[in-house]
Amino acid sequence: MMLYPPMGDLMDKVGSRYLLVNMVARRAREISDEAEEAGIAMDEKTVSLAIDEIYTGKLVMK
């Protein structure tokens with residue numbers, strides 16, 4: 001089974017698996033909370049959206 005985006009590419013952007021997991025979890029919670037407050041039903045999983053944001057560079061570590 002091939003994962004997209006590849007884990008190696010995500011690791012290059014973040015640096016460590018621990019940090020990657022924390023960033024994805026935190027952003028997924030934020031997306032979920034924002035959608036709930038706005039009353040929007042999510043069609044896509046929030047974790048997938050958070051991973052995509054990291055992969056495309058929309059979400060970076062400060």
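Student: What pattern does the protein follow, read along the sequence?

Tutor: The pattern is α-α-α. This is a predicted model, and the protein has 3 helices and 0 strands.

Student: OK, and what does the C-alpha trace span along its principal axes?

Tutor: About 35 × 30 × 20 Å.

Student: How much of the protein is made up of buried residues?

Tutor: Of the 62 residues, 23% are buried.

Student: Which residues are in the largest nonpolar core?

Tutor: That core has 8 residues: Leu10, Val14, Leu20, Met23, Val24, Ala28, Ala50 and Ile54. Helix 1, helix 2 and helix 3 each give two or more residues to this core.

Student: Which helix gives the most to this core?

Tutor: Helix 2 does, with 4 residues. As background, nonpolar side chains tend to be buried together in soluble globular proteins.

Student: Let's move to helix 3. Which of the residues there are buried?

Tutor: Helix 3 covers residues 46-56, and its buried residues are Thr46, Ala50, Glu53 and Ile54. Seen down the helix axis, they fall within an arc of 95°, so they line one face of helix 3.

Student: What do those buried residues pack against?

Tutor: They pack against helix 1 (7-14) and helix 2 (17-38).

Student: And what follows helix 3?

Tutor: Gly57 does, and its phi is positive, near 90°.

Student: What is Glu53 in contact with?

Tutor: Leaving aside neighbours within four places in sequence, Glu53 is in contact with Arg27, Ile31, Lys58 and Leu59.

Student: Where is Arg27, then? And is Arg27 buried or exposed?

Tutor: Arg27 is in helix 2. At 15% relative accessibility, Arg27 counts as buried.

Student: What else does Arg27 touch?

Tutor: Besides Glu53, Arg27 touches Glu34, Ala50 and Leu59, again not counting residues up to four places away in sequence.

Student: Which residues does Tyr55 touch?

Tutor: Tyr4, Pro5, Asp9, Leu10 and Lys13, not counting residues up to four places away in sequence.

Student: And how many residues apart in sequence are Tyr55 and Val14?

Tutor: They are 41 residues apart in sequence, and 9.4 Å apart in space, C-alpha to C-alpha.

Student: Across the protein, what share of contacts join residues at least 24 apart?

Tutor: It's 49%, among contacts between residues at least 6 apart in sequence.

Student: Pockets next. What volume does the largest pocket have?

Tutor: About 230 Å³.

Student: Which residues line the largest pocket?

Tutor: The lining is Leu19, Asn22, Met23, Arg26, Arg27, Arg29, Glu30, Leu59, Val60, Met61 and Lys62.

Student: How many of the lining residues are nonpolar, polar and charged?

Tutor: The lining divides into 5 nonpolar, 1 polar and 5 charged residues.

Notes. Residues numbered from 1 in each chain as written. Predicted model: local features only at pLDDT ≥ 70, side-chain atom pairs only at ≥ 80, totals over all residues. Heavy atoms only, no water. 1 Å grid on protein atoms, 1.4 Å probe; cavity = no way out; pocket = protein on both sides within 12 Å on 5 of 7 lines; lining within 4 Å. Points joined across faces, edges and corners; volume = space filled by probe spheres on them. Nonpolar A, V, L, I, M, F, W, Y, C, P; charged D, E, K, R; others polar. Buried < 20%, exposed > 50% of the residue type's maximum accessible area, 1.4 Å probe, protein only. Arc of directions from axis to C-beta. Contact = heavy atoms within 4.5 Å. Core = buried A, V, L, I, M, F, W, Y, C linked by side-chain atoms within 4.5 Å.
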